[in-house]
Amino acid sequence: MSKKLTAAAAAPASFEEAMAELAQLVTQMEAGQLPLEASVAAYQRGSELVKYCATQLDSVEAQVKVLEGDMLKPFTDAGEAAQ
């Protein structure tokens with residue numbers, strides 16, 4: 001396994017950091033130049049990052065529900081609001 005992937009195995013500091021690392025992994029994998037073991041490690045790390053991001057999004061959604069009194073308001077764009 002490469003040193004870069006091993007060093008990055010720690011939990012991300014933030015959602016944005018996780019997304020940036022995930023984008024970098026996707027770019028590397030799409031280039032098709034990673035050896036097989038590095039590709040598997042990158043896929044595994046990407047899977048961990050996706051789970052982390054999903055957990056963060058679920059947490060934020062729960063916070064929004066509390067702030068909105070468990071009643072999420074439907075999104076309306078400016079055109080619909082003017083009518």
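**Salt bridges and the helical core**

The structure holds three salt bridges, a salt bridge being a side-chain nitrogen of Lys or Arg within 4 Å of a carboxyl oxygen of Asp or Glu. The model is predicted: local features need pLDDT of at least 70, side-chain atom pairs count only at pLDDT 80 or more, and totals for chains, interfaces and linings use all residues. Residues are numbered from 1 along each chain as its sequence is written, and side-chain values use heavy atoms, with hydrogens and water left out.

The chain has four helices and zero strands. These are DSSP runs numbered from the N terminus (helices H or I, at least four residues; strands E, at least two). Of the 83 residues, 16% count as buried. Buried means under 20% relative accessible area, exposed over 50%, and partly exposed in between (1.4 Å probe, protein chains only).

Glutamate 21 and arginine 45 meet through their side chains in a salt bridge of 2.7 Å, N to O. Glutamate 21 lies in α2 and arginine 45 in α3, so the pair ties together parts 24 residues apart in sequence. Both residues are buried; the relative accessible area of arginine 45 is 7%. Arginine 45 also forms a salt bridge with glutamate 48, with the closest N and O atoms 3.5 Å apart. Those two residues both lie in α3, three residues apart, about one turn of the helix. Glutamate 48 is partly exposed, at 36% relative accessibility.

Glutamate 61 and lysine 65 form a salt bridge of 4.0 Å, N to O. They are four residues apart in α3, about one helical turn. Glutamate 61 is partly exposed at 38%, and lysine 65 is partly exposed at 32%.

The largest nonpolar core comprises six residues: Ala18, Leu22, Leu25, Ala42, Leu49 and Cys53. Such a core is a set of buried Ala, Val, Leu, Ile, Met, Phe, Trp, Tyr and Cys residues joined through side-chain atoms within 4.5 Å. Helices α2 (15–31) and α3 (36–67) each give two or more residues to this core. Beyond residues up to four places away in sequence, Ala18 touches Pro12, Leu49, Tyr52 and Cys53 (contact: heavy atoms within 4.5 Å).

The buried residues of α2 are Ala18, Glu21, Leu22 and Leu25. They fall within an arc of 105° seen down the axis, so they line one face of the helix; the arc is that of the directions from the helix axis to the C-beta atoms. The face turned away from the buried side carries exposed Glu16, Thr27 and Glu30.
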